[in-house]
Structure formats: structure tokens, C-alpha cells
Amino acid sequence: MSKASFGKTTDGREVTKYTLKNAAGMEVDLIDLGASIVAVRVADKNGDVKDVVLGYDTPADYQNVRGYLGAVIGRNGNRIDKAKFSIDGVEYQLEVNDNENNLHSGKDGFHAMIWNVAEADDSHVKMTLVSPDGHQGFPGNMDVSITYTLTEDCGLELSYRATTDKTTVANFTNHAYFNLDGHESGSAEDQELELLASYYTPVIDSQAIPTGEIASVSDTPMDFRKMTRIGDRINDDFEQLVFVGGYDHNYVLDKADGTMQLAARARSVKSGIQMDVYTNCVGIQFYAGNFVGGQTGKGGVEYGKRQGFCLETQYFPNSVNEKNFEQPFLKPGEVYESTTKYVFSVAQ
């Protein structure tokens, strides 16, 4: 493990970059601002190294949030209808930052915080955060940690843990955007995706709040149960795709029993790079980067529409308000734990 300065935030706070490297030559760059993944470097089928994660070069770019690139999201990932929810009859109002709703907990979410680095060695970095009672509008003092571990099988494991002194919401995710041809390579629509999910949660309209229904993907463009090119049906005249300009939907994982299960597989025919996603979460949000365009990324690269895709493991969107969904409430004395692992290889 090595560390170096990543510069300073717009208000003068120092940001540090940590680099992990395994024996196979895979490298991961992390920063303590947002506990963000800045880079993931892996070899392609020709042995050339590709950085397969979108990111920025400066803290100021990460502060100017344009898609939450690589950041940890909390206390709640995804959307909350009307930016409010209730616990034990008490209503909590959050920031309205996405149409009429709350998205990714608001401007002061975990993505905006500088995390404390509690442990760092050749294989892992553990970052911690204290989220006080009332932070972002959520109740309870919460102690949070994320541990990034680079494994010898070329896996990047993300392990989250949290406790609270008052019943609150705990639904964390990471918002990395992947492009298996390299972050600078343009649209990822030619890359292929498989999702081990027979159902998804349709949305009401363009605000992307689920209806509460758990719908079959059969005979729809939402079906990724077989490896399918991301761009094959993304522009179809299908209401769910029209609502949000492409894929930005939560999938209900077939094997969600609380143990680590294969949830998704993505690959590029061009580079030969494959990424398997394992998780113990109940859902995975597939976002095709429909609104990524119009920003400058690492090395001055201009990121365009659908330049990267997200596979965000999580509870379902608006699950705090939807009784039909498993709910993400954490009580005193309980421990929130979730794990996701991205494993990279060259497709055979």
C-alpha cells in the first residue's frame, strides 16, 4: 500500500489517496473524500492495463457532484419519495434534491465527507465515519465503516458496517461507474451484461420512484438473464425506458438469502475484461449512465452519455416507505453489515 496527497478541497481540507496492489498487478486507488474509488487498473486480453472506473483528478471535481462517481452513498442510497419517511409515528424530512424527492441522502451525504482512515496495509483500507443524530435529517448517532480489500483473485471487496443509538435508515452502496474498455474509451453500450434477476421494480414516471410492484422481466427489454449487449434495447419504445432515458432500475436478485451470491456479470468483447459482482444484498440498481455527459474526467477525458454503467447493490428504492419491500431500518443493538465484491478476469 502507498499513499499520497490528492490535493485539497475547496475549503482547504487535505485529501489523501491510497493505492492497493496485488501480486497479479491489479491496482486500486481510493481517496478519503467520500471513501471514493478513483481508479481500478486491470489487464486486458492483450496484457495492456486498463483503468475501468470513471473518476476525477481533483477533490474539487468530486465536490462538484455530477453523478457521485465512485463514492460511498449513505445513509440511504437511491430515492426516497417526497424526501420523507416515518419511524414509530415520527416523520423525518430530508433535503429535496431530485425533483420532489431525496436522492442519495442529499448534498451532505457520505459522499461529501472526509472519512477517517483507521487501518491501511498492503491488502486493505478501512475508513470510518461518525454520522451524528440529525445528519442529513436522519435520526440517531451512527458509527459507520467501510473496508476495501484487494484480494489475490483480483477482487475488490467492499464491506460496510454500522451501528446506531436510535432506530434509523441504513442502506449504503457505492456509485462506481465501470467501463471495461477503459474509462476514456467512450460509450459502454457495446459491453455486455447479465443480471441474475427475474424481477425488477417498475417506476411510476420520470421521477423514478417505484410503483411498489415487483414485476417479471420476461418478454421485456428489462430482461438481462442472458448476457446481452447493454445498448441492444436501451432506446426501445418501452415505457420504463422512456421514463428515465434508458436503464436506471432496481433489479430483485433471485438469490437474496443474506449470503454472498453472484448477482451480475459484465464483459467487453473488445478488451476481454470480465467483471463478476457478488453481494449479500437484496437488490442491484443498474444505471446505464444516461446522464453522465458534459463533464471532464481523469486526464482531461471528456465523458459522454453512457460512458460508464453502475451496478449498485442495495435495498430497493423508496423501501423506507414501501411496505411491499424489505425495509432498511437499523435498531439500537443491531449491526448493519453488507458486502459486495467486484472480481475481474479475462473472459475465456
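**Figure 1. Lining of the largest cavity.** The lining of the largest cavity divides into six nonpolar, three polar and two charged residues (Ala, Val, Leu, Ile, Met, Phe, Trp, Tyr, Cys and Pro count as nonpolar, Asp, Glu, Lys and Arg as charged, and the others, Gly among them, as polar). This is a predicted model, in which local features need pLDDT of at least 70 and side-chain atom pairs count only at pLDDT 80 or more, while totals for chains, interfaces and linings use all residues. Residues are numbered from 1 along each chain as its sequence is written, and side-chain values use heavy atoms, with hydrogens and water left out. The largest cavity holds about 80 Å³ of space, and its lining includes Ser-36, Tyr-56, Asp-61, Tyr-68 and His-111. On a 1 Å grid over the protein atoms alone, a cavity is a set of points where a 1.4 Å probe fits but cannot get out, and a pocket is an open set with protein on both sides within 12 Å along at least five of seven lines; lining residues have an atom within 4 Å of a point. Grid points are joined across faces, edges and corners, and a volume is the space filled by probe spheres set on the points. Four cavities of 30 Å³ or more are found in the whole structure.

Figure 2. Tyr-68, in the loop between helix H1 (59-63) and strand E6, has a positive phi of about 60° although it is not a glycine. Helices (H or I, at least four residues) and strands (E, at least two) are DSSP runs, numbered from the N terminus. Tyr-68 is buried, with a relative accessible area of 14%. Lys-82, in the loop between E7 and strand E8 (84-87), also has a positive phi, near 60°, and is partly exposed at 40% relative accessible area. Buried means under 20% relative accessible area, exposed over 50%, and partly exposed in between (1.4 Å probe, protein chains only). The peptide bond from Gly-74 to Arg-75 is cis, with omega near 5°; Arg-75 lies in the loop between strand E6 (72-73) and strand E7 (79-80). Most residues other than glycine have a negative phi, and most peptide bonds are trans.

**Figure 3. The largest pocket.** The volume of the largest pocket is about 490 Å³. Among its 25 lining residues, Gly-67, Arg-79, Leu-103, Tyr-287 and Phe-291 are the closest to the centre. Helix H2 (239-244) and strand E24 (283-287) each supply at least two lining residues. By class, the lining has ten nonpolar, ten polar and five charged residues.

**Figure 4. The second largest cavity.** About 40 Å³ of space lies in this cavity. Its lining includes Leu-196, Asp-254, Lys-255 and Thr-279. Strand E22 (residues 261-267) gives the most to the lining, with three residues.

**Figure 5. The five-stranded sheet.** Five strands form an open sheet in the order E19-E18-E21-E24-E27, with antiparallel pairing. Strand E19 (215-216) and strand E27 (310-314) are the edge strands, each pairing on one side only. Two strands pair if DSSP finds at least two bridges between them; strand E18 (residues 199-201) and strand E21 (residues 248-252) pair in the antiparallel sense over three bridges. Thr-201 stands opposite Asn-250 in E21.
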